[in-house]
Amino acid sequence: MSSPPATVDGFVREFLVNLNLERGVALSSATETDKYLALASTVRDYLVARWLEDQRMQRADQSKAVCYLSAEYLLGRQLDNNLLASGLTEIATEALAACGIDIDTMRAHEVEPGLGNGGLGRLAACFIDSLATLSVPSIGYGIRYEYGIFRQVFRDGQQVEKPDAWLALGSPWEFRHPEAAQTVSFAGHTETYDDDGVLRSRWVPAWSVRAVPYNYMVPGYQNGRVNTLRLWSAEATKAFDLRTFNSGDYVEAVRAQTFAENISKVLYPEDSTPQGKELRLQQQYFFVAASIADYMSKVLPDDFDLATLPDRVIFQLNDTHPVIAVPEMMRVLVDERKLDWDAAWAITQKCFAYTCHTLLPEALEVWSVDLLGRLLPRHLEIIYRINDEFLLAVRERFGDDERRLRDMSIVSENPASVRMAYLATVAGAKVNGVAELHSQLLREKVLHDFDEMMPEKFTNVTNGVTPRRFMRLANPELSDLITAALGTGWLTDLERLRELESYAEDADFRAAFADVKAANKRRLNEVLLARDGFAIADDHLLDVMVKRLHEYKRQMLKVLHIVTLYERVVSGRVAASDLQPRTFIFGAKAAPGYAMAKRVIHLINAVGSVVNNDPRLEGRLKVVFPPNYNVTLAERVIPAADLSEQISLAGKEASGTGNMKFALNGALTIGTDDGANVEIRELVGDDNFFLFGMSEPEVEALWASGYRPGEFAQADDELRRSLDLISSGAFSGGDRSTFEPIVSNLLYDDRFMVLADYTAYIAAQERVDAAYADRDGWTRSAILNVARTGFFSSDRSIRDYIDRIWHAQPVR
Ligand code: BZD
């Protein structure tokens, strides 16, 4: 199969054919949706020949493949990325113009698939981009949620969640393959049977669903490679339908279908707080069982020697969500392929590797034995056996150390439950954290006993982000400026940004760089005006905090900073004219059940409406909180930012990836010594980073000594005034009860030590103001941030995974 000619005429022809034949409309009567869908099909047509070839090669090829198992892929819009990857942007722009269509309206028409919560899901999307760009044979497996992360709206300043019907206009980037469906079973019981003199176990499930794959193209950046992302959708099986139809119960049959389809209906919007819900476990097993079956049946030949499976594939577990794949692989090898246990375990232990994304103990997933036993009885048996053998090994190594045996057991007592992170650690060939500090703390704390027993398993791979989306697409003007200085090639070799260092000393380059930042602010302004009716003044420092709302990330610290500035002016201690003009932008979704996070959202909006409308501030402070922060908005906000807020309590943010995107786009960071901030600061240098707050050991020490937040409020007059102002009802129309829970939480609990870091934070913000007053010096620092953070390309992360974990080879 060949692609249409890569010319403007060729593109026009293909586009019109798609519009006429696929949409059944003429150009003159086509709606925006018709045009967008025809355009997407056209871009697809250019990629499909390469895609088919790469799929054929992957089947024929003996080289090792990576199966990335992730419950989330936060892809962002596809059109622009696919145009860029295929080198068709200019041709498409001209071709559409020839048809009287502005390509920007087409871009704006796309609804992004929000199939993830935040950093973890976005990381998976960056990784599949880099895997394709590096020509690594790989496939991403996940779930095609019918509803992705909720759409956030604000009503009276409070978050309201609306369903995200991202499929409503059709989904032109996917290919449904019902013929490649897999059956995934649940529940029932296990039994032993005599298999020609060998006593074996088998699972007799009670019900099953059909997993139907939808394939997405994942094009590498202008390298002719197209990998696959395969997302599974749940449907009722024929057998399921037939049985109920035969019994004559139409209503019951339809109910059964709905029941099956529920499995992939909606993304759980909880991050860092596992739900322990049955449907969530169903989702997890559903997608990994389908993925393993898919890989085993489609890719491996019939006569394949399973002992060599580890030479052919590695399944990378993106957090614990897919860890049920471990007992599933054992079940397939032992029950279905009839391998003996030890052989199967030896294979399994080489075929999986586990990435941990958290340090919060409450975020570590556990499943109750009761639920697992009901939903996946055979898997529970397998987990028990894995645990028995593991505990024997622990005993062998450490003797009858009951503390250790209890703490390391995969199955814990009271309540009886399975610790998925432990299962992953025991089963995986490697365990990695996502930044140096995080990996170190994993070894020292969360998985300390495991590290003592098997230190060789532990490694680090610092996260990265794709520069194609977060530089080239999000910040075309900066990209052009860089290309003008360095030539092409840096987008796939991001360490080359180092060559920009000398340009930081070049006044013309600095002026051009500052112009780009100003243009990006104007572009953001256009988006915010159209979207939410906000505007940002040109001379304001743009101070941005965008990320999921969580207490450990400490949006509250940012709020206290704003309230402090406000209080200084309204109390008359500081003249408004002495304030550095700033606009604070927030973007954050709170998990629907996370009450404190939702209160903080309410408070941000409440502070915003007071601050924005108080004439005493003379317009020098603005708070902007556009609802529904997502990848599309991130692509506009990040390039415009001056200051990046990365202010989590040290030791809590595993890595962060927003921090990398901001630095690469020339924002300076104000941050704690946490996650990948540590590495960012090491690279950019102390002069180009505003560090503040306790280090992780200091946090530990203060906590151990008995943290009393009230003492910090007593010790800092401005902190007390700010808390008092919130308590007084100044931001809640005089009602003192509205934000009382926030203030008491800070004063009497403050798990994430906001008050302890407040004074240092305010002082660091003063250093920010002083630095920004020297605008040219600021720009110099911003350029150095770009020049020195090329390390954070996800291409580098993927190379690290290859070297340290996968040992797979790129195939050109
Ligand atoms: O993963 C995040 C971490 O908090 C960040 O520090 C890190 O940079 C990124 C990528 O490694 N974790 C998440 O985003 N976690 C979730 O979204 C999540 C989702 C469901 C259940 C539990 C956690």
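Q: In S25, which residue is the bridge partner of threonine 669?
A: The general idea is that strands of a sheet pair through backbone hydrogen bonds, either parallel or antiparallel. Two strands pair here if DSSP finds at least two bridges between them, and helices (H or I, at least four residues) and strands (E, at least two) are DSSP runs, numbered from the N terminus. In this structure, the partner of threonine 669 in S25 is phenylalanine 689, and strand S24 (residues 668-671) is joined to S25 by three bridges, the two running parallel.

Q: What kind of model is this, and how are residues numbered?
A: The model is predicted, so that local features need pLDDT of at least 70 and side-chain atom pairs count only at pLDDT 80 or more, while totals for chains, interfaces and linings use all residues. Residues are numbered from 1 along each chain as its sequence is written.

Q: In what order do the six strands of the open sheet stand, and which of them are at the edges?
A: The order is S22-S21-S20-S23-S24-S25, with parallel pairing. Strand S22 (621-624) and strand S25 (689-691) are at the edges with a single partner strand each, so one side of each has no neighbour in the sheet. On average, neighbouring strands of this sheet are turned by 20 degrees against each other, direction ignored; axes are lines fitted to C-alpha atoms, for helices over the stretch in contact, and angles run from 0 to 180 degrees between N-to-C directions.

Q: Which strands form the open sheet with antiparallel pairing?
A: Three strands do, in the order S15-S17-S16. Strand S15 (366-368) and strand S16 (411-412) are the edge strands, each having a single partner strand, so one side of each is left without a neighbour in the sheet. S15 and strand S17 (residues 417-419) run antiparallel and are joined by three bridges, and serine 368 has serine 417 as its bridge partner in S17. Helix H16 (residues 420-427) packs on the sheet, where H16 touches S15 and S17 and makes about 50 degrees with the direction of S17.

Q: At what angle do helix H21 and helix H32 cross?
A: Angles under 35 degrees count as roughly parallel, over 145 as roughly antiparallel, 65 to 115 as roughly perpendicular and the rest as oblique. The axes of H21 (residues 507-532) and H32 (residues 775-788) come within 10 Å and cross at roughly 85 degrees, and the two helices are therefore roughly perpendicular. Arg510, Phe513 and Ala514 of H21 make the contact with Asp776, Thr779, Arg780, Ala782 and Ile783 of H32, residues being in contact if their C-beta atoms, placed from the backbone, lie within 7 Å.

Q: Why does the ligand lie between two domains?
A: Domain bounds come from an automatic or database domain assignment, which divides the protein chain into domain 1 (1-61 + 77-111), domain 2 (62-76 + 112-462) and domain 3 (467-789). Domain 2 and domain 3 both give residues to the shell around the ligand, so the ligand lies between them. Of the 18 residues around the ligand, Gly119, Leu120, Asp271, Ala654 and Ser655 come nearest, a residue being near if its C-beta atom, placed from the backbone, lies within 6 Å of the molecule. The shell has five nonpolar, ten polar and three charged residues, where Ala, Val, Leu, Ile, Met, Phe, Trp, Tyr, Cys and Pro count as nonpolar, Asp, Glu, Lys and Arg as charged, and the others, Gly among them, as polar.

Conventions. Two residues are in contact if their C-beta atoms, placed from the backbone, lie within 7 Å.
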